[in-house]
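Trainee: I am new to this one. Please take me through a single part of it, slowly and in detail.

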Amino acid sequence: MIAQTYENAAADDVICFAGAEEALYLAMNVLLDAGDHAVVVTPNYRAAETVPMALREATGVAL
């Protein structure tokens with residue numbers, strides 16, 4: 001069990017995903033409300049750019 005590898009973690013503290021894109025999708029759905037505008041740093045991991053842009057208005061800002 002993953003939580004057992006940490007001193008102060010319980011099983012309820014751990015969420016596992018099949019890949020980073022699923023985790024990014026969940027995070028963006030939780031963090032972005034209707035009407036929000038995301039600012040996305042580019043270039044970036046592809047899903048870190050496209051997921052926010054698919055869910056809400058977003059602007060890419062070059063590094």
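At roughly what angle do the axes of helix H1 and helix H2 cross, and within what distance do they come?

Mentor: They cross at roughly 40° and come within 10 Å. H1 covers residues 20–31, and H2 covers residues 46–55. Before the details, note what you are looking at. This is a predicted model, with residues numbered from 1 along each chain as its sequence is written, and local features need pLDDT of at least 70, side-chain atom pairs count only at pLDDT 80 or more, while totals for chains, interfaces and linings use all residues. Side-chain values use heavy atoms, leaving out hydrogens and water.

Some terms, quickly. Helices (H or I, at least four residues) and strands (E, at least two) are DSSP runs, numbered from the N terminus. Axes are lines fitted to C-alpha atoms, for helices over the stretch in contact, and angles run from 0 to 180 degrees between N-to-C directions.

Now the pair itself. H1 and H2 are therefore oblique to each other (under 35 degrees is roughly parallel, over 145 roughly antiparallel, 65 to 115 roughly perpendicular, the rest oblique). Their crossing is right-handed: the near helix is turned clockwise from the far one by less than a right angle.

Who meets whom? On the H1 side stand Glu21, Leu24, Tyr25, Met28 and Asn29; on the H2 side, Ala47, Ala48, Val51, Pro52 and Leu55. Contact means heavy atoms within 4.5 Å. These contact residues split into 8 nonpolar, 1 polar and 1 charged (Ala, Val, Leu, Ile, Met, Phe, Trp, Tyr, Cys and Pro are nonpolar; Asp, Glu, Lys and Arg are charged; the others, Gly among them, are polar). An α-helix has 3.6 residues a turn, so residues three or four places apart point the same way.

Take Ala47 in H2. Ala47 is buried, at 5% relative accessible area (buried is under 20%, exposed over 50%, partly exposed in between, with a 1.4 Å probe and protein chains only). The C-alpha atoms of Ala47 and Leu24 are 7.3 Å apart, though 23 residues separate them along the chain. Neighbours within four places aside, Ala47 contacts Glu21, Leu24 and Pro52.

Next, Val51, also in H2. Val51 is buried too, with a relative accessible area of 8%. Beyond its neighbours within four places in sequence, Val51 contacts Glu21, Leu24, Tyr25 and Met28. Val51 and Glu22 are 29 residues apart in sequence, with 9.6 Å from C-alpha to C-alpha.

Ala20 is partly exposed, with a relative accessible area of 41%. From Ala20 to Tyr45 is 25 residues in sequence and 9.5 Å in space, C-alpha to C-alpha.

Now step back to H2 as a whole. Its buried residues are Ala47, Ala48, Glu49, Val51 and Pro52. Their cover includes H1, E1 and strand E2 (57–62).

Finally, the core. The largest nonpolar core has 6 residues: Met28, Leu32, Ala38, Val40, Ala47 and Val51. Such a core is a set of buried Ala, Val, Leu, Ile, Met, Phe, Trp, Tyr and Cys residues joined through side-chain atoms within 4.5 Å. Strand E1 (37–42) and H2 are the elements that give two or more residues to this core.
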